Amino acid sequence: MRGRLDGKSGKNYWRSLDELSDTQEFKEWMADEFPNRSSLLQMNRRDLLKFMGASMALAGLTGCRGVFLPQEKVVPYVKAPEELVPGKPLYYASAVTLAGYATGVLVEQREGRPIFIQGNPDHPASLGALDSISQAELLNFYDPDRANNVLVFSNPGTYTQGDVTTWEQFLQAAEKALAAEAAAGGSGIRILTGSITSPTLVEQINRFLTKYPKSVWHAYEPSGRANVYEGAKLAFGKPLETTYDFTNAKVVVSLDGDFLSPTANPASLKYAKEFADGRRVSGQSGTMNRLYSFESTPGLVGAMADHRWAVKPSEIFDVAMALASALGVAGASPTGKVDEKAIGAIAKDLQSVPGGALVVTGDDYTPEVHALVQAINAKLGAFGKTVFHTQPVDATVNAGASDLKTLVDDLKGGKVQALFIVGGNPVYNAPADLKFAEALTKAKFKARIGLYDDETAQACDYLIPTTHTLEEWGDAAAFDGTLSIIQPLIAPLFQGKSLIEIFSALAGKPLSGYDAVRATWKTQQIIKGDFEKQWRNVVHDGLLRGSALPKVVPTVTLNASTLTAPKKPTGLEVIFAKDPSIHDGRFSNNGWLQELPKPMSKLTWDNVAMMSPKTAASLGLEDNSTVELTVNGQAVQTAAFIQPGHPSDAVTVYLGYGRTRGGIVCAISNGEGKPGGDDRTPGGFFNPTSNHDGGGFNAYLLRSSANPHFAAGEIKKLGGLTTIASTQGHSPIDGDHIKQFEGDSRVVVVEYDLEDFNKNAAKYVEERKKESEEIRKNNLYPDEIYVYKGPQWAMTIDLNTCIGCNACVTACQAENNIPVVGKVQVERHREMHWLRIDRYYSGDSENPQVAWQPVACVHCEKAPCEPVCPVAATVHSHEGLNQMVYNRCVGTRYCSNNCPYKVRRFNYLNYTDNQRQFDIRVDEKTRIPLLRMLNNPDVTVRGRGIMEKCTFCIQRINEGRIEAKKAGREIRDGDIVTACQAACPTQTIVFGNKEDKDSQVSKWREDPRAYLLLESLQTRPRTSHLAKLRNPNKELASTKATETNS
Amino acid sequence: MALTPLNDRMITGEQSYATIDQSISSMIIDQKRHNRPWWIMFAIGIMGTGLLGMAITWLVYQGVGVWGNNVPTAWAFDIVNFVWWIGIGHAGTLISAILLLLRQPWRNSINRFAEAMTIFAVMCAGMFPLLHTGRPWVAIYWLFPYPNIMALWPQFRSPLMWDVFAVSTYFTVSLLFWYLGLIPDFATLRDQSKNKVAKVILAIACLGWRGSNQHWHRYEQAYLILAGLSTPLVLSVHSIVSFDFASSIVPGWNVTVFPPYFVAGAVFAGFAMVLTFAIPLRKLYKLEHLITMRHIDWMAKITLATGLIVAYGYTLEMFYAWYSGNPNEWDMTLLRRLNGPYSWAYYSLLICNIVAPQAFWVPKFRQNLWVVMIVCQFVSVGMWLERFVIIPMSLTANYLPSANRMYYPTFWDFAMFAGTIGFFLTLMSLFIRFMPVINIFEVKDLLYKMLGHHDAQIAETPVEMPEPALGRSL
Amino acid sequence: MSHHETTRTKGTYALVAEFGSAQDLLNAAEKTGEEGYRKVDAYSPFPVHGLSDALRFHDVRVPWLIICAGLCGGFFGFTLQWYTATIDYPLNVGGKPFNSLPSFFPVTFECTILFSALTALLSVFILNGLPKPYHSIFNTPGFERASKDRFFLAIETQDPKFDSEETRKFMESLGAVAVSEVEE
């Protein structure tokens, strides 16, 4: 076996397609380092053992570099050891893309296995931070459900397993289909892609298009940025990319523009950082930017807003118009009923900060709204200050790729002979009225090129597996056009080929991804000067510095009076929104994201019908009551969810759920459980470990191409309840509001009004000091008994800059091998996240103010959990860590009961081993435990019956200590960065040695806003929080931020 | 001649030493006395025990997750049942020890099976602390202080360690106490049984007891001292159990009144259970002349008294919550118990533990066996609910509102509980069949005391003991 | 009665008188004590109060043994906790002092009780010479009723004052139901 493996690098260029398909080289190129390509399914046990040996050779020790890709040079990012030292992580700079847009990352590789993705500090879209979705790409990479063979479907459209076939068979078939069209210039050939920013891929596609000049390239993103470009067209006469700079933004107005969510914005990490910096206050006084938010579905921006109004999407145009007219935008005049007073005040506030004003809106809104906002920003003189424009980054826009509708019409008209669907999942997420699946059957040759065997795949003749970002060569552009090289961390796990490779093959000149990228970068003069040297730098840095697109300052040619308001739906307004965790559904097979509590609702595994308390009351609905939601004839069944702050007479449904195929997680979560069998099928009474019945419903069924953002609908109470799994406050005992009693000594969330704080900070500090002394007085034992040695670890979290984006939660999960437990277990309140972000409402439940509070183990110096453990399984280290000794724990759970912060997590079942159900099943007996490769070797994997909790990333502390020792110096501030801290886009979390007086953490601990959670309990937490500040506009003080306009 | 008894009527009917033997020891010697009712009880017990076996197997195979426990509610039915069973046990010790010290001779006809109940109840209770752990296979010995390879010791600051010592001591001492009392009765049975095998077994069990004055002399010294030891022990055991909660910082647990009020509650529940067994027992096995209405009357009174102490405990909980000014206590005890999602449990507990026992003020009710039985059932349920209200309910809502979660039991939670009840029934039915349910020699002693120096009269012919004058107290 | 004639052989253990009631036994014991017999024992189905005094039998070893055991138990219990928590393996547990005295009381107490209780039982067994499957007294005719409703008084041959004839006479004078000579 090893013999066969060695030197199995194969030739990586071909002569020509037809010549190739029967040559030995081709067969070698096709045959895999993995026997699993075609023989996996017939493999017997012994072979499997060999295979495991092989996969070790791949995933372990030597890693992919030595054996499989010898001739391609990649460069470790940081000062790497001479050659790979077992146990030593290597970091490689690469990029992950979301809907085409790149975010620069550093991938941590252990013994050839990528095990952690973090942000690339040099990359403009990351600045060192990384969002949940990009981090979770790691789980997608190890996802055993990824398409791992070329499949051919004998009768497409029916729910069947495809038959395994080979690349040569597919290429021959493709060649045949293409040849048939070649004569007619390929007029029957269509390509359907998502957004693309990769120059190399575009190059390959263009080669294909030039080979078949009459073929057409279509692009479809279920919730893309098309409106942004259309809006720009309206405003400037040409499509332009619009980017913001919040650094100088003093007053920000968001017209339902979610600039903080990665799902809603390719530059969210940058915006979040700049925005947070604008609100950072240290010491006894400071200044903050002010955020006004007109918001439909409660989200991150509304939660950060100093003033928030809950408005329906259909009303945003009116708000924009009112604001425009208040600011004197040409031709603007109020079109609807809005809160004049508020608009007036906002306009005044905007004008009071020349060059510091910024108005943003959401990608989903109609071009009219975008155009209006462009006009407003122009009027405010924001162009060149807070708002910037470049040529579109999305290549499909530049190439003027036509849309999905035309494709469907062509299909129906029988004009399409051969169709290549690249990425995306149109059968699942195309607008319902297009009836895409039906139209698709008309095409003769349908190839689906993608990562999963999903709804679209089984409607096609062929499923062509592509490689994952972490196992392919490629390139991509960030929101501002900055180019990155995508380099493989490991040889492909399955039989995938990268899109570049596939298109190069289809275009008749097959190339390896590596050669293709280099060729493009050379020929297109992307790299100027010494190519090899530059290339080396780019691969090393993960980006080509200074490759951002040049800024243009367009002039607004818009007369607002020409704009027409969107038609207001009568009755109930149904809002379609991308899911905060699983995006448009492309991540619904990702357990980390499925179980990631959605920021506001804290829901997991499901989508629901969100509505305001008022609406729910009027419909006689309460949480969980089963409802039927109907939009133009199409009905779905789901649970009602009361979401404070939601506009009334409206219901929000998240897209991306109700998948019927595409992997075990989404399939199981949909109760299907088809692919797999036996122990993957939904369990129940006798199988407490199964993930049955999550997955929600498919909201795309309600969505039409006419109104993809919101539509008129009805909601009907069906009676009965639908269980949904939420991790906070979704229970009869109110977990949302902090009941404050006369003389309540609980300190949970502390808030100040900025102006008031600037005046009285000293007083507040004094008060808190006095209180603390009071508390410390009454104590049975002497105050300081235990002598701490060495650095004293502490953490501080600034509630004022936390945007509640969940990046830290996923980082913690990835770093600490935290298992996914499934919907049923979350329902039972057994989620395992060590770090949670608590969401607290205050004020009017129709439009409450929100405060985020990240809470992990606070490492109390007088920890209540420790004395109650009968076996001393949780004790204190001399560095002040509250340590959990897994192998001593017998699982009495008394520590959890006695923990006032409830941050301890218990393995009620064998959660880690239950990942077995996701192993690749070779035959009845044998499976490949792919997910175990994902584990961080520095962190113990916890078994059943064990208590666990945040360790302050002790593995990172130890690494830092060792490095310091090797360098013969003390541990310096910043040597040790916890996973959550690293991922946080707003630098809300600091960690360090509180004894070191110059360390960031000890500075923050001394900050006037610093307070200890539940200090009255005398637990002496090592984690402190900084109070939240709000910066309301005094003119609107009468109408507090808790007022709705309706 | 007319008899002038020294003491109130605690034995009735035509009595002599021989008749007492007849009525008690014949339950073992003459197995025909056990008919349908016994078999029904035994069958139910066996079924329950089977269920218990199933529940435990599934629990150990899958993990604690088969129960409804979660975070924050990490303790629920498991600990509720533990405390409930331990409580049941306390009546036995109270009767055998405290009443002995208080020189209450009426204990003599009920202490034996009350002690048996203690031991069986503690056995049921003991399962839960072990099986509720995540890894019972190590918990079973890691909690005992032995020098292990890692030189680790248990952590004695933990109330759970105190539990380990308290419960194991309690079990051991109750067992010794029980056995010591059984030795002379085994001797009696040895001398009477016709069956060879039984004779041998009993001879071994009684260690060759021959009722010599010296035996009795030392026996009585030791027995009295054991009683003296058991009294503080029984008080300490439930106090320590209550420390599991009282010494924590959980609102609703951290209450100083717990130790006394847990002990009172234990006795309360215990007596209810003793009555529940005593009443059918005396009926089915014709022991009315040994367990007289007088006994029932007294036990009912104690139930009432302890019930009132418990009621006082509830009041104090509320008072502290208000008086302490601690918002969490206030929130937990007042708001959540009175109108929280589990308030149904709190209200039904008040009805069961405070309202129902008030019936015992009325002598008529104390002598109506049906009323007594029904009230006792109320009390047993009520005391279970009390632990439910205290343990899971307090955990569902804590300091950080964000961590508030509901708790729902699963099938296996109930299976475990029902199983232990079955196990208890099995042991009780075996006890009734193969051991003297009433302390033979102590009843004889009692008879002797009652007759004073006239016991010569019953040497040959039994003497009529007058019926008790009811309604009168001691 | 035939056994009256039998002469005292070497293998005799004691002369045993049988009584019908505890009261008779008590009176008889009283007289026996006054008569000066010391190697005497009485057998009854239940403890008859006053017997020990009557027979001049006093033994207070049991209580003393229990007290000592209790003290040892308490000492052991506390030392175990104190030693393990402060000397052998001190750990910072919730910032409490290594020697958290208040927390150590319960276990100390339980150990006290446990040791005493075990000793109580053992002392009864050991001092009473139990288990003892065979004892000469079992040879007494009708002795099985000693655990039921008959009361026996035995004067052992070992008694210095023992004289078969005298003693027999004396015993018959006590109003026994029967007097019998019991083999070793």
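## Salt bridges

The structure holds 61 salt bridges, counted over all chains. This is a predicted model. One of the salt bridges ties the side chain of A:Lys273 to that of A:Asp277, at 3.0 Å from N to O. Both residues belong to helix H10 of chain A, which spans residues 268-277. A:Lys273 and A:Asp277 are four residues apart there, about one turn of the helix.

Another salt bridge crosses between chains. A:Arg893 pairs with B:Asp78, and their closest N and O atoms are 3.1 Å apart. Between chain B and chain A the count is two salt bridges.

## Chain B against chain A

Chain B and chain A bury about 5,200 Å² between them. Carbon and sulfur atoms account for 59% of that area. Chain B brings 69 residues to the contact, and chain A brings 63 residues. Which residues of chain B lose the most area to chain A? They are B:Val71, B:Leu400 and B:Arg405, which together make up 14% of what that side buries.

Several helices of chain B each supply at least two residues to the side that touches chain A, among them H2 (36-62), H6 (159-192), H8 (213-246) and H15 (411-434). Helix H11 (327-339) is also one of these. H11(B) gives the most to this side, with six residues. By residue type, the side of chain B that touches chain A divides into 41 nonpolar, 21 polar and seven charged.

## Chain A against chain C

Chain A also meets chain C. Here the contact takes 12 residues from chain A and 11 residues from chain C. The two chains bury about 990 Å² between them, with 69% of it on carbon and sulfur atoms. On the chain A side, A:Tyr781, A:Tyr786 and A:Pro867 supply 49% of the area buried against chain C.

How many salt bridges link chain A and chain C? The count is zero. Two residue pairs are in polar contact across this interface, both at pLDDT 80 or more. The side of chain A that touches chain C comprises eight nonpolar residues, one polar and three charged.

## An antiparallel sheet in chain A

Three strands of chain A form an open sheet. Their order is S1-S2-S3, and the pairing is antiparallel. Strand S1 (90-98) and strand S3 (113-119) are the edge strands, and each pairs on one side only. The twist averages 40° from one strand to the next.

Nine bridges join S1(A) to strand S2, residues 101-110. A:Tyr92 stands opposite A:Val107 in S2(A).

## A parallel sheet in chain A

Parallel or antiparallel: how do the strands pair in the sheet S11-S10-S9-S12 of chain A? The pairing is parallel, and the four strands form an open sheet. Strand S11 (307-310) and strand S12 (357-361) each have a single partner strand, so one side of each has no neighbour in the sheet. Neighbouring strands are turned by 10° against each other on average, direction ignored.

Five bridges join strand S9 (residues 251-255) to S12(A). One bridge pairs A:Leu255 with A:Thr361 in S12(A). Helix H14 of chain A (residues 367-379) packs on this sheet and touches S9 and S12 of chain A. The direction of H14 makes about 175° with that of S12(A).

Key. Residues are numbered from 1 along each chain as its sequence is written. Chains are lettered from A and ligands numbered from 1 in the order in which they are written. This is a predicted model: local features need pLDDT of at least 70, side-chain atom pairs count only at pLDDT 80 or more; totals for chains, interfaces and linings use all residues. Side-chain values use heavy atoms; hydrogens and water are left out. Two strands pair if DSSP finds at least two bridges between them. Axes are lines fitted to C-alpha atoms, for helices over the stretch in contact, and angles run from 0 to 180 degrees between N-to-C directions. Contact means heavy atoms within 4.5 Å. Buried area is the accessible area (1.4 Å probe) that two parts lose on being put together, summed over both. A salt bridge is a side-chain nitrogen of Lys or Arg within 4 Å of a carboxyl oxygen of Asp or Glu. A polar contact is a pair of N or O atoms within 3.5 Å; within protein, one must be able to donate a hydrogen and the other to accept it, and residues adjacent in sequence count only if both atoms are side-chain atoms. Ala, Val, Leu, Ile, Met, Phe, Trp, Tyr, Cys and Pro count as nonpolar, Asp, Glu, Lys and Arg as charged, and the others, Gly among them, as polar.
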